[in-house]
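Me: I would like to work through this model one question at a time, with the terms spelled out as they come up.

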Amino acid sequence: AVVVAQGGGQLWLFGGEFASPDGEQFYHYKDLWVLHLASKTWEQIRASGGPSGRSGHRMVVCRRQLVVFGGFHESARDYIYYNDAYTFNLDTFAWVKLAPSGMAPSPRSGSQLATTPEGNVLIYGGYSKQRIKKDVDKGTLHTDMFLLKAEGSDKWMWNRLTPSGVKPPPRSGFSVAPGPNNRSLLFGGVHDEEEEECLEGDFFNDMYFYDLVKNRWFPGQLKGRKSEKKKKRRGQGTEPSPAALPEGCGETPPGPVEIIKEVVAEDGTVMTIKETISCPAAERQSSESEGEDGDATGDEASGPQVEPCPRSNAMLAVKHGVLYVYGGMFEVGDRQFTLNDLYALDLHKMDEWKVLVEMDPKTQEWLEESESDEGEEAEGAEGGEAEEDDSSEEEEESDEEDEAEDEHPALQDDEKYEDYLSRTEQYWVKLARRHLGPDAKEKKAVKVGRAMAKTFYEGSA
C-alpha cells in the first residue's frame, strides 16, 4: 500500500493473499482499491490490464504513477515468483505493463522500493525459492540492488547498482522508509537458517542508511545525548574497561558481535532474541568515515539505551524528520508473536529512541499452526466436565502467578541496574526456574532470570 496527497489524502492498495489457517487453501487478489482518508471510505478502482493475482509484491509512487514490482503466487501444489513491473497512472486510471531494456532482477518477493530524486525507482533485496527436487525447496535471500530508470514517457531501463560502504547483512522482512537528505533507511528484518524440517530465524533491530545520491550504505548509529558528549570532551567521561566490551572488541580490527537476549513471555515461553552489532571501535570508525554526514552517525551513546526489540515486518513512517516504528513480529519455534509497541527517533539528532507506546506482553497475539483443529474438537467432546475442572484449576494457578508477578521487587530511587540485580537476583532466578520447569539447568535459569530482571528494570526505570 502507498499513500498520496491528492484528494485530501489517499491510500492505494493492490492485491494480496488470503491463506487458510491450515495452509491448504490460498487465494491471491488482483484488485485495486483506494481509501479516501478525508471521508474514510473505500472505493474499488476497476481497470483492466493490471498485474495477475499475487502477494509479496511491492508498490511505490513515482511520477504520478503507482509502480508495482515482483511478488509470488502460490497454490497447494506449486508456486511462481515474478520480476515483472507495471505502472498505474493516477490521472488516467490506466495500467501499463513495462518492458524495460537491460537485465532485470531475478524473480522475487519481499523486495523494497524507493524513489530517487531524479524520479527513478530503486529496488533492493527480496526472497525467492526454487524446487531442487521433489518436495525439497531451496530459499534465496537477495542482496542485490537495481535501478528502474525512466528514459521518457513510456521507456524504462534496468541498471544494476553496486553500492559502496557498509552493507546490511542478508535478511528478509526488513522495512524501508524515505529519510531526510536524499536517503532511504532500512530497519530490522530476519535471517532464516533453513535446515531439514527446521527453520530458525535471527531477528534484527539495526538500522542502515542508503545515500541515493552517493550510492553508498552506512549503518545508523545513535550519537547519545549532548550532555553525555560534553562530558566526554571535558574528560569527565569514563572509558569502558576491556572487560566491559563485547568479546572480540580489543585492539585488533573488530568484527560484528552477536548479542543473545532471552525474554520470558507471559505463558512461560523463553524467547531467544539474537542481534548482531558492531563493536564500539568499529562504530567510531564508521562515524569518522561519515564525518560529512554528521546528522546520520556520531559518537556511540554511553550506557544502556532504550530501543525497539529485534523484529521483522515493522511499519515505518517518517514525518518532519522523525522516524516512527510500529509493531512487527518475531518467532519462537512454531509460535509467532505480533507486537504493538510504538517508537520514535529524530533522524536529524540521532540521539535516542523514545517509547510512545510500550509493548504489553499480555496483548501479544500468538499464532500457532494446528495439525488438526477438528481432531482437537473431537477430543474435547469427551470428558468435558473434567476439562472444565482442569481449566478452572489452571485459571486459579495463573491468577496466583499474575498476582505474584505484579509484586516484582520495586526499584529504589536512582538505583542503577547493577545494584538492582545484585539485590534481587535470587528472586528473578527463582522466577525463571519456575517458568522453565524442574529440568532446566542452573546456568540457563540464571541467564533467563537476569534477562527478566533487565526487562523489568528497563520497563520501570
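Me: Which residues have the most contacts inside the largest nonpolar core?
Reply: This is a predicted model, in which local features need pLDDT of at least 70 and side-chain atom pairs count only at pLDDT 80 or more, while totals for chains, interfaces and linings use all residues. Residues are numbered from 1 along each chain as its sequence is written, and side-chain values use heavy atoms, with hydrogens and water left out. A nonpolar core is a set of buried Ala, Val, Leu, Ile, Met, Phe, Trp, Tyr and Cys residues joined through side-chain atoms within 4.5 Å, where buried means under 20% relative accessible area, exposed over 50% and partly exposed in between (1.4 Å probe, protein chains only). The largest such core has 16 residues, and those with the most contacts inside it are Leu185, Leu323 and Trp353.

Me: Which elements give two or more residues to this core?
Reply: Helices (H or I, at least four residues) and strands (E, at least two) are DSSP runs, numbered from the N terminus. On that basis, the elements that give two or more residues to the core are β15 (183–195), β16 (198–211), β21 (322–332) and β22 (335–346).

Me: Leaving aside neighbours within four places in sequence, which residues is Leu185 in contact with?
Reply: Contact means heavy atoms within 4.5 Å. With its neighbours within four places in sequence set aside, Leu185 is in contact with Ser175, Val176, Ala177, Met207, Tyr208, Phe209, Leu316, Val318, Leu323 and Leu347.

Me: How many charged residues are in the lining of the largest cavity?
Reply: On a 1 Å grid over the protein atoms alone, a cavity is a set of points where a 1.4 Å probe fits but cannot get out, and lining residues have an atom within 4 Å of a point. About 100 Å³ of space lies in the largest cavity, a volume being the space filled by probe spheres set on the points, which are joined across faces, edges and corners, and its lining includes Gln112, Met145, Val176 and Trp217. Ala, Val, Leu, Ile, Met, Phe, Trp, Tyr, Cys and Pro count as nonpolar, Asp, Glu, Lys and Arg as charged, and the others, Gly among them, as polar. By these classes the lining has ten nonpolar and two polar residues, and the number of charged residues is none.

Me: Why does Cys62 count as buried?
Reply: Cys62 lies in strand β5, and, leaving aside neighbours within four places in sequence, its contacts are Val67, Thr115, Gly119, Asn120 and Val121. Cys62 counts as buried because its relative accessibility is 3%.

Me: Why does Arg64 count as partly exposed?
Reply: Arg64 lies in the loop between β5 (58–62) and β6 (65–74), and its phi is near 60°, a positive value in a residue other than glycine. Arg64 counts as partly exposed because its relative accessibility is 40%.

Me: In β4, which residue is the bridge partner of Leu35?
Reply: Two strands pair if DSSP finds at least two bridges between them, and five bridges join strand β3 (residues 26–36) to strand β4 (residues 41–45), which run antiparallel. These strands form a hairpin with four residues between them, and Lys40 in the turn has a positive phi of about 55°. The bridge partner of Leu35 in β4 is Trp42.

Methods. On a 1 Å grid over the protein atoms alone, a cavity is a set of points where a 1.4 Å probe fits but cannot get out, and a pocket is an open set with protein on both sides within 12 Å along at least five of seven lines; lining residues have an atom within 4 Å of a point.
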